[in-house]
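Trainee: I would like to learn how to read side-chain features in a model. Please take me through a few.

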Amino acid sequence: MSAFKVCLKIIRSNLPGIAIYFVVFIGVSLIMTFAFRPPAAGGGVFAPERVDIALFAAEETALIAGLREALAPQVNFVTLPDNAQQLQEELFYRRIHYILRVPAGFTEAFLQNTPMLLPRTSVGGSSSAVYIDLRVDRYLEILRLYTVAAAGLSLEQKVAFALDDLSQVVDVRFAVPEVAAESRGRLGMYFNFLPYTILFVITVGVAAIFIAFGEEKIKQRNLCSPLNPRSISLQCYLACLVFALASWGALVVVSLLFGHQEIGSPATWFYMLNSFVFTLSAAGLAYLLGNLTQNKEVVIAAANVAALGTSFISGVFVPQELLGTAVLRVASFTPTYWYVRANAAITSLTTFNLTTLSGFFSALAVQLGFAAAFVVIALAVEKGKRAAAS
Amino acid sequence: MTHIFKYRLKILLSDKITMFWTLVFPMVLAGLFSLAFAQLGAGERFAPIDTALVDSGGDEAFVSLMESLAQGDDRLFNLVRATESEALGLLAAGEVHGVIATGTPLRLIINESGFAASILKSFVDSYLQSTAAVRRIAADNPAAVGRLAALLAEEREFLADLPLGRGTHNFMIIHYLSLLAMTCLLGGYVGMTEISAIEANLTHHAARVSLAPVHKLKVLAAGISAALLLQFSKLLLYFGFLVLILDVDFGSRTPLVILTILLCTLLGITFGAFVTALVRGSHGLKEGVVLAVSLAGASLAGMNVAELKYIVETYAPWLALINPAHHIADAFYALYYFDTYDRFVASAVGLVVFTVLFACGTYYVVRRRAYVSL
């Protein structure tokens, strides 16, 4: 196994450079994991988040007071001067997410059923702004019912009834109350960001082996050696695999540092299994890229495009449910898409049995298929190069 | 000096690898972003929500409403009627996003919060609230019931969008701006090439140049000028690609945007020069540092997840302060969004400070460097 040992020595000598990428990417993954509150899974009450908003009302009536009361469970009212530049800055830095204005004469127009709109400014793409929009719409819609169909009531009575109706909410329960929601959610997110790190680090590490073995004089010496070229190739692949699995192990250890209380949960082991299988396909892809070119910069460039590009279109950063059908179709030709799909399947499951895990195992099988395909193509490319050289 | 400038320019133009990193790679990524984000802003793609309905009787109106919303191509739900145990089994298997059980009270059972669960809750809440209002009105004034149906069916808008500032507060542009920031910082490869060309211990070419009767600073100035011209041209090309091909909106202050690109070009080149001069190690290690810092900096400035930029600003402002990619993205966003120039000037000052730091740091390291032997 002399070629195998040499490959490991090459990786060891390139460790400082690889370690920089490793630390940086893990750092960014951890920041992204802890920066976001994971979706609550199990554990209790479905509670809306409170959003910081500014409300500027040009009139104060029972309708406006009712609007404030309707929004109160979901927002924190922030008192700010009505200064455009300052408001721009507050929105820019997310100190507020939403500005609602009530123009003068709104109450009168509303009671007359005359259309008059409430201008609002919100942070684009913010889901919290959508909830506030819904809340405002619901309050005014219900109040409109009373205004049109119960004209005999005073405005105060209508507002009181509308607020009482707004308090009617569905009883939301989670299927499995005892699941430790937060840490499992975080683990799911951490493992979701993993392809970006794994693909890049493994490809860069493996590239070092192929650059060394690709040198003309080294190639010629190896051809003279008693070792079968196929044996050398397979030993190189084995070294790639060992490096890939060591990288995977390091990433799993990091995950257990913050998710260790979840070690008893089946979900944790399935996340690890999924990431293990993905590592195999990443190792195969790295082996293929290394065989296609011995130029280090080209390999690093390809690693970047593969890691970042496939991560974007496969749902690592943008959830798959938000991506277009055509994009997902293209992404389905990458192992990253199937990894993210399997990860999402685990996150949503509360019961783990063969039936509920069928989708997960299918995604694993596809990833294994990719791994095998990459290695086969790489060996074929290598054989083709040898044949061309001779 | 013109001679050195001309030949440095030729050498840089022939460097295909650097050309890839500083032009082709960002274009490929921007293209992938455009592909991934194509459907996000429009909101036209809505997949029906897989829902299980457990009908224990007593609320035919609700069941009828659910069934009507589960019909047609633009349906809201993919509805499955089941018993409670069957429905919970489907939920556990992930085949439905939620289970709605009729009865008093109406119940919604979910696995996790998320888009689907929020839409289900919002829908059921609307039904309960409207029903409560209708019941109260009908109890007081039965004659009004007929009118209520028409009112409920009528769609009425109450809100209007009022943009504040020059541009809309667009999350998507953060991705492109942080990608532009990464592209500017990847200009560090060009800076690396220039420092490697004069540091005699780094390349054979530099060893020969150091013997020439030309002051090192002159050689460096000519090289940096060539690098600046080439890198600025590439960034302008990239900017044109973003604006004209991908239709990314940078606002209306194009001259200032171009000036900012020039400043960021200089920042990127001096950054690469600084890393090359300071970091002891192989060329690969220095390249790794430039790439890692560019990728990490851009990630923290919102390239992967736009909200991360603001989270870092809120909870780790020191990290935002020391991240040049953050200042670059902020400078462009300030031009896009604000009416006034205060924010832009603050970001531009940050860019200038970084550039001066990197340039002075490079000069301090490489000046009067002599070699016992090479």
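Trainee: Is B:Arg81 buried, exposed or in between, and why?

Mentor: Buried means under 20% relative accessible area, exposed over 50%, partly exposed in between (1.4 Å probe, protein chains only). B:Arg81 has 44% relative accessibility, so B:Arg81 counts as partly exposed. This is a predicted model: local features need pLDDT of at least 70, side-chain atom pairs count only at pLDDT 80 or more, and totals for chains, interfaces and linings use all residues. Residues are numbered from 1 along each chain as its sequence is written, chains are lettered from A and ligands numbered from 1 in the order in which they are written, and side-chain values use heavy atoms, leaving out hydrogens and water.

Trainee: Which residue does B:Arg81 meet in a salt bridge?

Mentor: A salt bridge puts a side-chain nitrogen of Lys or Arg within 4 Å of a carboxyl oxygen of Asp or Glu. For B:Arg81 the partner is B:Asp55, at 2.7 Å, N to O. The pair links distant parts of the chain, 26 residues apart: B:Arg81 lies in strand β2 and B:Asp55 in the loop between β1 and α3 of chain B. Strands are DSSP runs (E, at least two residues), as are helices (H or I, at least four), numbered from the N terminus. B:Asp55 is partly exposed because its relative accessible area is 35%.

Trainee: How many salt bridges are there over all chains?

Mentor: The count is 16. One network of salt bridges links A:Arg120, A:Asp133 and B:Asp161.

Trainee: Why does A:Thr279 count as buried?

Mentor: Its relative accessibility is 0%, so A:Thr279 is buried. A:Thr279 sits in helix α11 of chain A.
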